[in-house]
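The exercises below take a reader through one model step by step. Please look over the sequence and the structure first, and then try each task before reading its solution.

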Amino acid sequence: MALEKSIVEDKIEIYDRGAYKSIGIRTATIIKDDGKEISRTFHRETLNPNDDVSSKSDEVKKLAEIYFTDDAKAKHKEFVDSQAIPG
């Protein structure tokens, strides 16, 4: 019995939020036993223009360069600030 675990980004999507775009990432954790898949689980993550992408894959970084412009970052900050609960 040889168990093997792999983690892959199996889906990357662009979400249009109107004033800016977000990047959705689905990561699959795959467990195989003697080459036959016995388990697959998913983790989802959404990145917004002001999020740190430095630890993400090269593909996600390239998409962030395209979509996370200074204008998109300003629009995202405006949205976040508008959602803040007054203290």
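In strand 3, the residue that forms a bridge with Ile30 is Arg40, where strands are DSSP runs of E with at least two residues, helices are runs of H or I with at least four, and both are numbered from the N terminus. This is a predicted model, in which local features need pLDDT of at least 70 and side-chain atom pairs count only at pLDDT 80 or more, while totals for chains, interfaces and linings use all residues. Residues are numbered from 1 along each chain as its sequence is written, and side-chain values use heavy atoms, with hydrogens and water left out.

**Exercise 1.** Work out in which order the elements of the protein chain run, and how spread out the chain is.

Solution. Begin with the inventory, which is two helices and three strands; read from the N terminus on, they give β-β-β-α-α. Next take the radius of gyration, which is 17 Å and well over the 12 Å that the globule rule gives for 87 residues, so the chain is more spread out than a compact globule. Here the radius is taken over C-alpha atoms, and the rule is 2.2 Å times the number of residues to the power 0.38. Along its principal axes, the C-alpha trace spans about 55 × 30 × 20 Å.

**Exercise 2.** Describe how the strands are arranged in the sheet, and find what lies across them.

Solution. The edges are strand 1 (3-16) and strand 3 (36-47), each of which pairs on one side only, and from one strand to the next the twist averages 20°. Strand 2 (residues 21-33) is joined to strand 3 over 11 bridges, and these two strands form a hairpin with two residues between them, where Asp34 in the turn has a positive phi of about 50°. Finally, helix 1 (residues 58-67) lies across strand 1, strand 2 and strand 3, and runs at about 10° to strand 1; axes are lines fitted to C-alpha atoms, for helices over the stretch in contact, and angles run from 0 to 180 degrees between N-to-C directions.

**Exercise 3.** Is Thr27 buried or exposed, and which residues does Thr27 touch?

Solution. Thr27 belongs to strand 2 and stands opposite His43 in strand 3. Its relative accessibility is 18%, so Thr27 counts as buried (under 20% is buried, over 50% exposed, and in between partly exposed, with a 1.4 Å probe and protein chains only). Not counting residues up to four places away in sequence, Thr27 touches Ile7, Val8, Glu9, Asp10, Thr41, Phe42 and His43, contact meaning heavy atoms within 4.5 Å. Thr41, in strand 3, has 42% relative accessibility and therefore counts as partly exposed.

**Exercise 4.** Find which rings form the aromatic pair, and classify the pair.

Solution. There is one aromatic pair in the structure. The ring centres of Tyr20 and Phe79 are 6.4 Å apart and their planes stand at 50°, so the pair is tilted; rings of Phe, Tyr and Trp (its six-membered ring) pair if their centres lie within 6.5 Å, with planes under 30 degrees apart stacked, over 60 edge-to-face and the rest tilted. Tyr20 sits in the loop between strand 1 and strand 2, and Phe79 in helix 2 (residues 70-83), 59 residues apart. With 9% relative accessibility, Tyr20 counts as buried, whereas Phe79, at 42%, counts as partly exposed.

Key:
Two strands pair if DSSP finds at least two bridges between them.
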